[in-house]
Amino acid sequence: MTAETLTVDLGTETGPFHGGASGTLYGLYGDGVPSRAVVEGMYVRTVTTKAQDGIQHPGADALEILPSFVAAGGKDVYVYIPDFHRGFPYEWPGATGAERLANHLDVLRRQVEQVRTLDGLKSHVVYVPFNEPEGNMFGTGEWSYDGVSWHTEPGPFFAAWAQAYRLIRELDPEARIAGPNTCVLYPEVRGFLEFARDHDVLPDVVTWHELSSPDEVRTNVAKYRELERELGIGPLPVNLNEYAHNYHLSVPGQMIQWIAAIEECKVDADLAYWNIAGNLNDSAVEANKGNGQWWLFNAYGQLSGTTVQVRAPRPNVQYTLQGVAALDREKRQARVLFGGASGAADVVVEGVDEGIFGGRVHLRLQEIPWTGQVGAAEQPLLLREIELPVVDGRVRLPLTGLDEMSAYQLIVSPGGNGANLLPASVSWRRTYEAEDAEHTGGGYSRNGPEGSPSDVDRFATSGGYHVGGLRTGSDLVLAFGVEVPQDGTYDLRIFANSHNEAELVREQGPTNVFLRVDGRDARELRLPLGYKWAVWGHTDTTVELTAGPHRITLSAQDPDLGVTKGDAVVDRLDLALRNRDQVALYEAEFAALGGGAQVDYIEPGASGPGAVVLPRGGTVTFWVHAADDGEATVTVDLLGTGDGLLTVNGEDVGRVERGAVPLFLAGGINKVTVTGTSERLVVDRLRVGPSRGLLPARVTAAEEGSLTGTAKVTGYPYATGGKAVDGIGAGPANSLTLTVTAQHPGRHALTVRYSNGEQAPATHYNPDPVCRHADISVNGAAPHRVLFPTTFHFNNFWQLSVPVTLDQGANTVTFTADELPDFDGRSRNRHGQRSAYAPVIDRITITPLTLPNQRPRGRGRTAPAHP
């Protein structure tokens, strides 16, 4: 079979890089869920979310997410006014259409009045008065205006639109308004635009949903632009504020196809909300981790300069090899993101200007693999570094072994400067499908097919099928026959899922299973929970294997360790032999630059193809992955003289040292920035290695604390020592206070091991887990509110770290909580969507952010205020 060819023409530019595909519908729950680093590192441009104090779903209130979103670099918050109401179709109150509309306009009035109190932030708000009006408020159902569809008689909707539009303009003449917000680009949108043009009520942003496929994105945007030309309006900004399906979301190889189409059209677009709020539409894991989809958007957000023409082997055809590329002349780099097909392909880069790149180019190829909806991912895998000559303005890179579920990034930069070509991150790997494994014992089931191009509402699953039967009362054994090329320590990753609401899971939480290799080395593993069946995460461990064949088993019983409790499904098993160096390398020339920083490709001594020169105030930012919360050994490799400051997640941690320093990194995503403080500082790369035990971590069990009111010690099998504290909240009288000791004064990480299984009643297909919060007070100071996302069960414990300031010696840390009121400070949610309680707390760990002598002198914090 002949390899397909993806051609990138650097000589044909298609416009400034826009970055519009990184929008999200209900992707933010509140400040901290997901974390500031996760939001900023995904380069989220737009958010569509519910009206403030709406009762459609828990969290995601427009004015509560607005300040932190803007602080994280966000552009616009689109406010779905109808999501103030319950249900879908919307249950807008009133006995007649006129009463219902009057009530809805009153809600709209309150929203605008509330936004006007936010001063400078209000310019980031866009009002969406109606959502899918043709099937909701102006459709034919029980809750419609008059039982007549807009498709049949558009008059009532047009009149309502004009009333809503003029009300907003009356209250705030500078407000922006979006619509019509149909579920597709219906032909009837022409009539809407004609009416809006003729009555001076044209939206500032035209919106519709593309719950279709990437090929229809290009087609429909082109149709709309032609409609504008015919009607003599615009061109207006466009936001496709719901796009992609369950089968696509979380899968980098699927999402790159959407991204390529959206970027080509230079419009904004928001990922669709099919599942839970606050996880960036299956991009964020826990509060501060990213999956494969997050890393794809991180790479997409770092494109810069102008986009260039990409010629796919089958242009604009879904489920084939597609891509997007950009050329940054100033940085002298081109980046290509591609994927969507398995097997072999050639990537050809043509139009390579030797005035920019020279006669030889440096190529860095990375893979962004699928890690499941709730499976955290490390930074993209390095597949290959190579330097090739430019021949007639072209470079060809043949590729084999592509995975249709993965996306790939190719970075092209000048070569021939003595760069050290790094080996691949993984020297060998294989995937073994659970449905292909041998099985003995009872309870086995082969489940599927799951998501596919013909069934996009279901979830993506490796191979399309998965296996059940590892459950309470079963004696099932799954046996995987594997063969490895050499002796070594292999990473073993099990893709699995337990539905948190399943009958056998409700009591226990995470399902435990038992692993053996060749009948030996027995160990117990806990498989990940999810919000539905076939929502994949992964459980990771390592195994020692000798060259040759082996038998790896997962079983529901083990003669030495016990029996399974719960109910799990298994998708696949991955084995990989990695570079065991354990030091992650981040080259500065591939990082995010700001403040006048420049890439220099002839800096002597650079490890890669170049280095970054920082002027005073210039910045280089690295997005760094850490497997767990705790100390890491961080080295900023510098060339020559110069000074700078280092910040981690917005916290100043001292001047840039020449040598390794211990720093606290949060588990998941960390924003590490070097800022120049001299006239010239040259940064070569960042190295991140394991802990050397230099930052003392002090652990305090919650059960050792002082409890008041309803707070009590309760048994939880998966808590440390089997006990944790719940009942904190419903007022400050019900509290937990712990005493911790700090060796030195200053900033520390407070790492809370917690669980939260609270879930509100839902009205339709979205599960509605509730974020709990804790008001944390240190040494009696004013409390700082921290949100804790769902862990899917009260017996499933995660960690969340927040920075605090401690005195030397003994300090008190107090946890309280209470139900939060609505925006007016008086009214309350009537549907259990704002919890009155803190999470269940297992333990806390106190760790200095850095050593005392590394801390900056005479500088304020760059992070927001913390306790």
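Does W150 count as buried or exposed, and at what relative accessibility? At 2% relative accessibility W150 counts as buried, a class that means under 20% relative accessible area, with exposed meaning over 50% and partly exposed in between (1.4 Å probe, protein chains only). The model is predicted, so that local features need pLDDT of at least 70 and side-chain atom pairs count only at pLDDT 80 or more, whereas totals for chains, interfaces and linings use all residues. Residues are numbered from 1 along each chain as its sequence is written, and side-chain values use heavy atoms, with hydrogens and water left out.

- W150 lies in the loop between β5 and α4, where helices (H or I, at least four residues) and strands (E, at least two) are DSSP runs numbered from the N terminus.
- Apart from neighbours within four places in sequence, W150 is in contact (heavy atoms within 4.5 Å) with P133, E134, F138, F157, F158, P180, T182, E188 and F192.
- The C-alpha atoms of W150 and F138 are separated by 5.6 Å, although these residues are 12 residues apart along the chain.

**Helix α4**
- The 17 residues of α4 (residues 155–171) should span 24 Å at 1.5 Å a residue, and the end C-alpha atoms are 25 Å apart, which agrees; the expected span is 1.5 Å times one less than the number of residues.
- Buried residues of α4 include F157, F158, W161, Y165 and I168, and what covers the buried residues of this helix includes α3 (97–115), β5 (125–128), β6 (176–182) and α5 (189–198).

**Packing of α4 on α5**
- The axes of α4 and α5, which are lines fitted to C-alpha atoms over the stretch in contact, with angles running from 0 to 180 degrees between N-to-C directions, come within 11 Å and cross at roughly 45 degrees.
- α4 and α5 are therefore oblique to each other, given that angles under 35 degrees count as roughly parallel, over 145 as roughly antiparallel, 65 to 115 as roughly perpendicular and the rest as oblique.
- F157, F158, A159, W161 and A162 in α4 meet G191, F192 and F195 in α5.
- By class, this contact of α4 with α5 has seven nonpolar, one polar and no charged residues, where Ala, Val, Leu, Ile, Met, Phe, Trp, Tyr, Cys and Pro count as nonpolar, Asp, Glu, Lys and Arg as charged, and the others, Gly among them, as polar.

**Packing of α5 on α6**
- α5 and α6 (residues 214–231) pack at an angle of about 40 degrees with their axes 11 Å apart, and are therefore oblique to each other.
- R190, L193, E194 and R197 of α5 make the contact with Y224, L227, E230 and L231 of α6, which by class gives four nonpolar, no polar and four charged residues.
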